Structures are given as C-alpha cells and as structure tokens.
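Hi,

Here is the structure I promised to pass on. Have a look, and my notes follow below.

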Amino acid sequence: MYSKHTLIGSIIRHLVVWLFIGFAVFPVLWIFSASINPTNNITAQQLIPRHITWDHYVELFTNPQHPYAIWLWNSIKIATITSLLTVALTALAAYAFSRFRFKGRRSGLLGLLLVQMFPQMLAMVAIYILLLNIGKIAPWMGLNTHPGLIMVYLGGAMGFNTWLMKGYFDTIPRSLEESAKVDGASQFQAFTRIILPLARPILATIFVLSFIGVYSEYILARVLLTDTHQFTLALGLNLFIHGQWGNRWGVFAAGALIGAIPFLIIFAVAQHLLVSGLTRGSVKE
Amino acid sequence: MKRTVVLIVALLMVTSLFLTVSASEAGKLVIWADETRAPILQEVGTAFQDTYGVPVEVQEIGFGDIRGQLATAAPAGEGPDIIIGAHDWLGELIQNGLIEPIVLPEAVKKEFDPVAIDAFSWGGQLYGLPYATECVALIYNKDLVPEVPATFEDLLTTAKGLTDQEAGEYGFLIQEPDPFHTFALFSAGGGYIFGNNPDGTLNPCDIGLDNAGAIAGATLLDQMVKDGIEVAGADYGMVTGLFNTGKLAMMIGGPWTLPDAQKGGINYGVAPIPAINGNAPKVFVGVQGFMVSAFSENKVLANLFIKDFLVNNDVMMKLYTAGGRPPAYLPTLQQVSGNADIQGFAASAANGYPMPKIPEMGSVWSAWSDALQLIVSQQAEPATVMGDAVGQIKALLKCE
Amino acid sequence: MKHVLQIVILGALDAIAIWVGTSLVVQAHYLMAVLLLIGAAGINYVYLSKRAYPMRYLLPGLIFLFSMVVYPIGYSFYISFTNLSTGHLLNKPQAIEQITGRFYTPSDAPSFSYEAFEDDTGDIALVLYGDDETLLYYQGVLTQIDPSDDRLVDEDGDGKPDRFLSYKVMTLPEIIKGLPTIEGLRIPYDEGTIRLDSLREFKLSSRRYSYNPATDMMRDLQTGTVYPNLEGFYTSDDGDELYPGFKIWMGLKNYLELILNPLVSGPFARVFGWTVIFAGLSVLTTFALGLFLAILLNDPYLKLRRFYRVLVIVPYALPAFISILIWHGLLTNMGLFNHVLLQLFHFSIPWLENAFWAKVSIILVNLWLGYPYMMIVSLGALQSIPGELYEAARVDGATWWQRFSKITLPLLLMPLAPLLIGSFAFNFNNFTLIWLLTEGGPPINARTVAQSTDILLSYAYRLAFQGARGNQFALAAAVSVVIFFIVATISAINFRLTGALEDLSKNV
C-alpha cells in the first residue's frame with residue numbers, strides 16, 4: 001500500500017506528523033508546568049513559572065502518608081494482570097464466536113455489545129454489595145482487595161474487545177485449522193498453536209487497550225478500595241485535589257506525569273507487535 | 001534470560017496480590033478524614049491506643065466523597081466510627097439515619113463557640129463536635145491596596161483603577177459562578193436563603209433570593225461586569241492564581257486560600273467586606289467537626305475519643321495550624337486571637353449566616369449558580385433571572 | 001494428558017463449590033447455595049458434554065460478565081421501582097431499629113458509676129452506684145443491695161470490691177474488650193432504662209419511641225403523638241416526619257415522573273438532540289484523525305515512525321480526568337488560549353462560557369482524548385489487509401485515493417463498524433467529559449435544569465442529585481434504564497443498517 005517517498009513527500013509527511021504531535025503533547029507541557037510551579041495552580045499563564053520548584057516531585061516519593069511508589073506499583077500490577085486475563089478470556093470467546101455455529105450466536109454477540117451501553121450510575125452500589133458478600137466467604141477477594149477489583153474489571157473483558165478479535169480471527173482462513181486437524185490436533189490445540197500466534201497483533205492491541213483502561217479507572221476503584229496502601233494511582237492522585245478547597249495541583253501534576261510513563265513504555269514495546277503483520281501474505285487462497 | 005525475568009516479575013505480582021489483605025476487627029476505631037487532617041488524627045489515635053489499648057485506624061478519603069461513601073458503606077456494616085464533615089451535611093445525614101447525637105457534658109459544650117455548637121445541633125441535640133469555623137472575608141494585597149476601602153462603592157472605584165485586562169491585572173474579583181462567595185452582595189440588602197418557620201426551623205418554600213435586597217445584589221454584580229471589574233471564567237483556581245502572583249489586588253476568600261498566598265510571598269491582609277449601600281453584608285459561616293456514625297459498633301469508645309482526646313488545646317492547635325481555620329474551641333481561639341488573619345475572619349464572621357443544613361439546599365445552589373453565570377456572561381437581566389431561579393427551585397422542591 | 005488435566009481442574013472446582021456451598025448452608029444462605037450448585041452443575045455440563053462445546057470457550061468470560069455487568073443492571077432496574085433517595089436509604093427494619101433505639105436522657109438524669117464483674121464463662125454482672133442507692137444486675141435481674149453486701153468481697157482492702165461471688169472484677173482493659181456486651185445492656189428500671197452512657201457511667205434514660213407492628217405505626221412515648229407509615233416516612237398528622245425514613249416499593253412512579261413532570265420532560269428533546277450530535281461528531285472526528293494517523297504512521301518508509309507513534313499516543317497515557325481538567329484550565333475565559341488571543345489579536349473567545357463555543361470545545365477535547373484509541377485499533381485492523389490487494393490495484397493503475405476508498409476503507413469498516421457504533425454508545429453516555437469540562441453548562445436560562453451542553457446522562461445526574469431534596473437514586477436508576485433503551489435501540493438499528501454483524505467473508 002505504500003511506496004517510496006519523494007523528498008518533498010517525505011518532508012511534508014514529517015511536518016504533518018509534527019503538527020499533530022504538537023496537538024497531542026501541548027496540554028502535557030502544561031501539566032509539566034504545573035508540576036514545577038510552587039503555587040499549586042493549573043491555570044497559570046506562563047509556561048515556565050517565575051519560581052521553579054522540584055519539591056512536588058520530591059514529595060511524591062518521600063511522603064509516607066501518600067505512598068506514591070506503592071500506588072504506582074499497585075496500578076501497574078492490577079492493570080497487567082487484568083489485561084493478561086482479559087486477553088485470555090476475550091480470545092477464548094472470540095474464537096468461539098468466529099469458528100463455531102451455535103444457537104444464539106448472533107443474538108449473543110449483539111447482546112454482548114448492547115449490555116455495555118447501560119449507564120452504570122448505580123453499578124457502584126450493586127458491585128459494592130456483591131464484593132461485600134464475597135468477602136464474607138473469601139476475604140482475600142472481597143472489598144478492599146486487589147483480586148476483588150480485578151474480578152470486577154474482568155466483567156468488562158467481554159465486550160467490544162471480543163468483537164474486535166472475532167473480526168480479526170475471521171480473516172484467518174479456516175484451512176489452517178483444517179490441515180492441523182488432519183494432522184491429528186484437537187480443536188483447542190489448533191486454537192492455541194495455530195491461531196493465537198497468528199493473532200499476535202490483535203492480542204497486543206487488546207492488551208494495550210485493556211491496560212490503559214484499567215490503569216486510568218477511578219470510579220470503581222474509589223468505591224472498592226479504602227485503605228491508602230491499597231490505592232491505585234488514579235485514586236491516590238485524586239486525594240490531592242479533593243481536599244476541601246485547597247487543591248494541590250503541583251503534586252497532582254507531578255504524579256500524573258510520572259504515572260504516564262508505564263503505559264508509554266508498554267506501548268513502545270507493544271507497537272512492534274501491533275504492526276507486525278508478519279504472517280500476512282503467507283496464506284494463499 | 002528475558003523469559004525468566006518476565007516469569008519472576010509475574011510471580012511477584014501474583015503473590016503480592018494476596019499479601020495486601022486487611023481484616024477488620026471489632027474493638028477498633030475507624031476514622032474517615034481527608035488528607036489535611038488525617039495525619040493529625042493518626043497521632044491522636046496513637047495516643048488513644050496507648051491509653052486504652054484500642055487500635056485506631058484513620059482512612060483517608062476525599063472530603064467531597066465522605067458523605068457518599070458513608071451512605072453506601074455504613075448501612076452495609078463497613079462504615080467508620082467517626083467522620084470529619086461540615087455542618088451543612090447534618091440534614092442529609094440525619095434524614096438518612098447515618099449519624100447519631102454525640103454524648104458531651106454541658107460543661108464541655110460551653111467551652112466552644114456557641115455559633116459552632118448551634119450549627120451542629122438539630123432538634124435540640126448535638127450531632128457533632130465542632131472544631132473550626134470558616135467564613136469568607138475580603139483578602140487584599142497590601143502592596144497594591146494599602147488601606148481597606150471604607151465602603152464597597154469605594155472598593156469598586158479602587159478596583160477599576162487597578163484593572164487592566166489586557167495586561168492580565170485585576171483590581172477585585174469574586175469567583176464565579178459561586179453563590180457561596182457572592183452571598184455577601186445579596187445579603188447586604190436583605191436577601192436570604194430560607195425563611196424561618198414559627199418554631200425556628202427552616203421553611204424551604206420561603207426563599208428570599210428574589211426579594212428587593214437580593215435583586216439589588218444581583219444588579220450590583222451585573223454592574224461590576226459591565227464596568228470591566230468582574231470577568232467571566234474567574235473560578236477559584238484563576239482568582240487565587242492571580243492573587244498569589246500579585247496580579248489581583250483584592251478578592252473574597254476564606255482561610256483556605258492563605259497558605260498558597262503565603263507561598264507566593266504576598267503581603268496580604270484580611271478584613272470584613274465593606275458595607276454595601278450602608279449595610280454590612282452577611283457571609284456564610286461553615287463549621288467543621290467530628291460526627292459519630294449511627295452504624296458504629298464502638299459508640300462509647302468513639303464518644304470517649306471525641307470527648308477526652310479531641311477536646312484538647314494541643315489537638316485543636318494542631319488542627320488549626322494544618323487548616324488555617326479559626327478554631328471553634330474557645331481556649332485555642334483565645335490563644336491565636338493575636339493573629340491578624342484570625343482577627344479579620346472573626347470580624348467577618350461576626351456578621352455570619354450559618355449555611356442552611358437541610359438537603360433542599362442542593363437545589364438552591366445549582367439554580368442560583370446558573371443565575372450567576374448568566375449574569376456574569378451578560379446573557380440575562382438580574383431581576384428576571386433571579387425570579388426565574390427562585391421559580392425553578394420552588395418547582396423542583398414541589399412547593400405550592 | 002490433556003484430558004487428565006481437564007478432569008483434575010474440574011474436580012478441584014467442584015470441590016471448592018461444595019466447600020463454599022456447605023459453608024453457605026451453615027450460614028443459612030440457602031438461596032445463594034442453591035444458585036451456586038446450579039452454577040456448578042452447569043459448569044460441569046459444559047465441560048463434560050460434547051454438545052455444549054462452544055460454551056467451554058465462552059463460560060469464563062460470561063461468568064464475569066454476568067456477575068459484574070448484568071447483575072448491576074438488574075440491580076439498577078430493581079432500584080428504579082423503589083424510592084431510594086435521601087431519607088429513604090435504609091430498609092424498613094433498619095429504620096425501625098434506629099428510631100426505636102433512640103433514648104432520651106435529660107441532663108439531670110440519675111447516673112451510676114459502676115464496677116463490672118466477669119466469670120469464667122464470660123457472663124457479666126454489674127454493681128451500679130447511684131446517689132441514693134446501689135443496684136446489682138446479676139443474671140438478668142436488677143435488685144437493690146447494700147454496698148456492704150457480703151457477696152462483694154474486697155480482697156486487697158482498697159475499699160473497692162474485687163470479687164462478686166465467683167466473678168472477678170474487670171479492669172479497664174477488660175471492660176473495653178467487653179464493651180460490645182456492656183454497651184448493649186438495656187436494664188429496665190423505674191419506668192426507664194439504665195444503659196451505658198460513657199465509658200465510666202451508666203445513666204437512666206427513657207425510650208423515645210415504640211413501634212406497633214400490627215398497625216405499622218410509631219408512637220412518641222413522651223408526647224403520645226402517633227406516626228403512621230406514609231410512603232417511607234413515619235409521619236404525624238401535622239406533617240412531622242421521623243428520621244430516618246426507609247426504602248419502599250414505588251412501582252412505576254419514577255417512570256411516570258419522568259414522563260409527566262414538565263420540569264423533567266420539557267427539555268428532553270433538546271438534550272437528546274445534542275447528545276446524538278455530540279456522540280456522532282465525536283465518532284466521526286476521532287475516527288478520521290485516528291485512521292489518518294494510523295495510515296501515516298504505518299508507512300514503512302517513514303523514518304522515526306515508531307518514535308512518532310509513542311509521542312502521538314501520549315494523550316491516551318494520562319487518565320482522562322487529569323487531561324480534561326487541564327483543558328478546562330486552558331479554555332476557561334481567563335485561561336491560556338484567551339490570554340494568547342488577547343495579546344496577539346485583541347479579542348477572546350468565550351470557549352466555555354458561550355453555548356456554541358462550549359460545544360466546539362467539547363468536540364475538540366473529545367477529539368484529543370479519543371483519537372489515540374481509534375489510531376490503535378486502526379493500526380491493528382490495517383494489518384489484516386493483505387498487501388497483494390494493493391499490489392494488484394497498483395498494477396491496475398489505481399490512484400492513492402482509489403486505493404484508500406475502494407480497498408482500505410471498506411475492508412476496515414467491516415471489523416471496525418461495531419467499534420464505531422460502540423464508540424457512539426460510549427460517547428452517548430460520556431458523562432465524565434461533559435461534567436469535568438463544562439458541567440453541562442453554560443446554562444440556557446434560569447428556568448430550566450437542562451443546560452446547553454448537557455447530554456442525557458448529565459442532565460439526569462443533575463436532576464437526581466442536585467434537584468429537589470437530596471439525592472434521588474431511584475430516579476437516577478429509572479433514567480439509566482430509559483437512556484439504555486434509547487441508546488441500545490439506536491445502536492441495534494445501526495448494527496442492522498450497516499450489516500455490521502454479518503460475518504466477514506472468508507475469502508479476503
């Protein structure tokens with residue numbers, strides 16, 4: 001689909017990209033400005049404040065009341081585990097929808113998508129009660145626990161992710177599995193040994209999307225986690241700006257910026273998989 | 001090698017999942033407080049634990065989230081024993097059956113500011129231990145305004161002279177749309193929120209936001225915008241940001257604005273808002289205090305904690321230092337009364353109007369705020385818009 | 001080998017199910033135990049029978065879906081038929097318990113210091129020292145005694161009893177451990193009740209209210225006023241309400257309120273219209289930009305493209321609420337954008353204060369927030385288009401635009417169409433953005449609750465939580481249900497129209 005660029009074509013392309021990079025990164029520069037501004041303000045009008053301070057960054061890692069490093073680790077941990085499990089659950093379901101023909105397949109798929117559209121204004125209360133009761137039987141996955149929170153997030157695993165993956169699976173010809181079965185593999189083995197490796201781009205995509213979704217999630221975590229040491233990053237950061245009047249934008253901004261790094265690293269690593277397309281063209285119909 | 005690293009990290013993650021369980025035991029006090037007050041309460045909690053052997057756990061929750069979380073957690077048995085809160089939460093919390101009166105001897109009650117005690121009372125019973133009162137006052141930059149203007153009209157003239165919008169300099173700003181800070185304009189002429197029933201309780205259908213005094217206040221605000229003094233979009237962050245960088249000469253604010261002003265090195269002063277049209281404006285007074293959950297399983301211990309460990313000059317001093325709000329505990333108030341800021345706020349609070357604590361107040365805030373926004377953005381006439389707002393409130397409250 | 005593993009896992013699950021099931025039965029949670037057994041049986045069937053083979057793949061995800069998504073929907077649905085709101089949070093038994101548990105202790109009530117005694121079985125006896133009398137509370141009976149009663153033994157001669165019969169006196173730490181019991185004692189005496197008032201004192205109080213289950217009424221024991229049950233509040237004839245109230249079944253009342261109350265239903269069409277436009281424009285703009293960048297940065301001839309991709313994904317790396325607040329600061333009337341505009345061009349734009357510009361701002365911020373997602377899924381989907389198609393097209397002399405519109409776009413839209421519809425649904429309910437950026441404002445006028453950038457959900461939120469008397473959760477639930485039906489219908493229609501649920505052709 002692409003051909004070699006002319007010099008002008010190349011320059012234009014790079015310029016256009018930089019234009020959009022500017023659009024993307026510009027507000028982030030402001031967050032950085034707030035993080036070095038001692039007066040706790042996000043509506044300041046100078047990019048470089050009159051007095052620069054690095055105190056906010058220092059405070060992040062030295063304040064025992066607000067264990068930022070722990071929050072960061074919590075978020076990374078929860079997001080990684082949830083995303084891995086989400087990819088697994090989604091892949092299983094998407095495979096079923098793609099390869100099997102069973103009653104209720106169409107309506108099941110539609111229902112899956114529609115159910116995500118319910119405004120979950122009161123979901124918090126329902127889930128709180130659910131986890132409360134689970135916690136009575138198995139305290140390690142009830143309220144205020146990370147396994148409990150992960151379970152709640154897995155509720156959203158099957159949804160549009162499933163559709164996305166199913167669409168991708170659909171483009172992988174069945175002949176591959178057929179020939180595997182001829183060679184004696186079971187359906188499940190065909191799934192794990194043939195299809196999954198071919199589906200690496202989409203698996204990586206779902207992992208990345210799921211990771212950032214869980215990482216930034218705030219509403220459910222706020223209801224379910226009460227102990228400061230259990231907090232995720234989003235929750236912890238929110239403490240800084242929900243004091244009664246005095247909002248500590250400086251620390252908040254610093255925390256947000258550092259918190260963005262894990263996702264950027266994951267994306268930088270995963271993008272290789274996202275665009276690998278390594279098997280395209282290897283199958284002739 | 002890479003594989004092993006990944007495996008080890010994965011293992012670490014999964015095991016650490018199970019190490020972070022905290023069990024809740026009976027015979028333990030749980031306190032909910034926001035980030036400013038949590039550390040102080042933790043210290044007090046440790047002292048309590050040393051005396052009585054009862055562990056005290058302070059959980060940090062955003063101030064605005066405490067009410068909502070209490071409503072979900074307490075009836076389910078997962079709530080705290082003590083919470084920190086504002087007095088205007090009382091109506092809602094009591095109607096929801098979430099808090100209980102505290103047990104405090106009369107002699108101890110007398111050690112507190114009577115306005116604060118009254119603010120935390122409902123139906124003749126005391127529902128919380130007040131510890132700080134707050135109100136807004138005029139905060140001004142002494143370098144730009146050496147003397148407090150004698151009247152509000154003078155203030156506006158001074159402000160006009162100091163305002164240069166294109167240079168980003170302003171003379172006087174009230175954060176908008178903000179009924180809490182703008183109330184002074186309305187109250188000076190006789191505006192009020194809820195009128196009183198004969199038995200002293202508030203009548204939510206008697207709303208005084210469209211009477212002559214209130215409309216005079218709204219018109220005054222409108223005039224301020226027309227004169228270029230007040231600008232749309234001036235929210236808390238904007239107003240304090242300008243003040244703290246020396247670009248705003250005067251503002252209406254509370255004690256919570258002072259720490260950042262100090263950081264900005266501003267030579268500020270605190271004074272009551274000057275008389276408007278010859279009338280001293282009333283300002284909203286809010287009281288912060290400690291309340292006991294009705295679902296607490298340790299009510300005697302909670303009350304003990306409050307009576308013996310919080311009613312204490314040292315603790316009150318610490319809370320004052322952390323929050324900057326005038327103490328409600330008279331001995332501590334006495335001790336800090338030399339402070340010029342406290343004097344300014346106290347003078348302002350002398351003309352205080354306790355924030356109404358009935359849940360109906362929610363409708364008032366939003367309709368009033370809308371009206372203010374329309375006035376400031378010059379999209380409505382003051383008299384009409386206040387009338388509309390009151391009409392909306394009454395319709396929402398289903399008044400006849 | 002595979003089979004053995006399967007059987008082992010299934011067996012373990014069954015064992016856990018049985019263990020949890022029995023503990024549920026022991027705690028008398030019969031309903032949950034039955035549900036658990038049915039569920040376990042179902043799982044066994046699915047994994048052992050050949051017929052339900054597809055379900056083996058679907059079951060793990062479905063379990064979480066049902067418990068975490070479907071159940072809350074059911075819960076919301078249920079709540080919409082009650083009156084859950086401020087004053088009606090508790091259920092009836094809880095409210096009754098609170099009201100009847102109220103004691104009235106006049107300031108001059110008799111008070112008693114006390115000594116508590118405990119025996120080996122944990123039974124507690126009390127000796128109460130009042131001004132005029134000394135009382136003994138032992139085995140549920142209160143009697144008057146003399147302080148020098150010989151059942152009280154002072155062993156160390158300090159004037160205070162150390163033993164009562166075989167009961168040993170409780171030290172302060174022991175009392176504190178036993179507080180739950182001691183606090184709970186209600187000792188009838190002299191037309192009142194003696195109960196623990198503070199750590200060291202008992203006081204004589206009187207109950208305030210009594211409850212009559214037969215007539216479902218509360219009675220004030222002091223004044224004699226009767227409070228019948230009136231829609232979730234015990235209310236006297238002159239309208240005096242007892243707090244707390246409680247939750248009751250209201251049937252369709254909330255839905256009728258939505259339809260019939262002009263304050264609520266009046267602005268509906270207007271808010272609905274903007275919600276649809278907002279969601280539609282959001283999808284269009286984010287998809288356009290996301291796809292554009294994906295194509296641009298997928299180009300193997302573009303140097304540094306990997307680095308560019310990371311930079312361009314940055315909006316996605318920050319939690320939305322942080323970014324939205326920053327944008328708010330930039331766009332507010334006195335914020336940076338206007339500051340620059342004023343300095344350079346001597347005019348400013350009321351980005352958030354004017355209805356039209358507020359809408360523009362919302363679309364703009366949503367574009368910034370949403371294009372990375374579209375870029376990621378487009379990047380992924382682009383990989384599924386085989387290169388040979390483009391080769392063949394090039395050989396046939398197709399232009400760049402023809403290649404895009406005839407190959408790329410159609411082949412992308414097939415897998416992505418449901419995502420676009422899903423993005424529409426997501427933005428239809430994108431409360432976070434609207435609330436944090438404009439709170440639905442600026443206001444249209446002061447007569448109506450609806451504001452100019454309100455979407456249905458934010459409008460409903462304001463009605464439920466900032467209107468009337470406190471928080472109206474049940475009303476909010478009813479609105480959620482209504483909004484769900486609206487957006488689900490729109491989406492279902494879109495699915496049918498675009499044929500998005502048709503299977504992709506296998507011969508790509």
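In chain B, 76% of the contacts with a separation of 6 or more are between residues 24 or more positions apart. Bear in mind that this is a predicted model.

Staying with chain B, the secondary structure comes to 17 helices and 15 strands. Its radius of gyration is 24 Å, close to the 21 Å that the globule rule gives for 400 residues, so chain B is as compact as a globular protein of that length. If you want the outline, the C-alpha trace spans about 70 × 65 × 45 Å along the principal axes of chain B.

How much of chain B is buried? Of its 400 residues, 58% are. As for the surface, chain B exposes about 14,600 Å², and 54% of that area is supplied by carbon and sulfur atoms.

On to the domains of chain B. Both are built from two segments of the chain: domain 1 takes in 27-134 + 285-354, and domain 2 takes in 137-283 + 358-396. Between the C-alpha centres of domain 1 of chain B and domain 2 of chain B there are 29 Å. Where the two meet, domain 1 of chain B puts 17 residues into the contact and domain 2 of chain B puts in 22 residues.

Chain C is split into four pieces by the domain assignment. The C-alpha centres of domain 1 of chain C and domain 3 of chain C are separated by 52 Å.

One residue in chain A is worth a click too, namely A:F32. You will find A:F32 in helix α1 of chain A, which covers residues 7-35. Is A:F32 buried, partly exposed or exposed? Its relative accessible area is 35%, so A:F32 counts as partly exposed, given that buried means under 20% and exposed over 50%. Leaving out residues up to four places away in sequence, A:F32 touches A:W54, A:Y57 and A:L257. There is also A:G250, 218 residues from A:F32 along the chain, with 9.0 Å between their C-alpha atoms.

Cheers

Terms used:
Residues are numbered from 1 along each chain as its sequence is written. Chains are lettered from A and ligands numbered from 1 in the order in which they are written. This is a predicted model: local features need pLDDT of at least 70, side-chain atom pairs count only at pLDDT 80 or more; totals for chains, interfaces and linings use all residues. Side-chain values use heavy atoms; hydrogens and water are left out. Helices (H or I, at least four residues) and strands (E, at least two) are DSSP runs, numbered from the N terminus. The radius of gyration is taken over C-alpha atoms; the globule rule is 2.2 Å times the number of residues to the power 0.38. Buried means under 20% relative accessible area, exposed over 50%, partly exposed in between (1.4 Å probe, protein chains only). Contact means heavy atoms within 4.5 Å. Accessible areas come from the Shrake-Rupley method with a 1.4 Å probe; for residues, only the protein chains shown count as cover. Domain bounds come from an automatic or database domain assignment.
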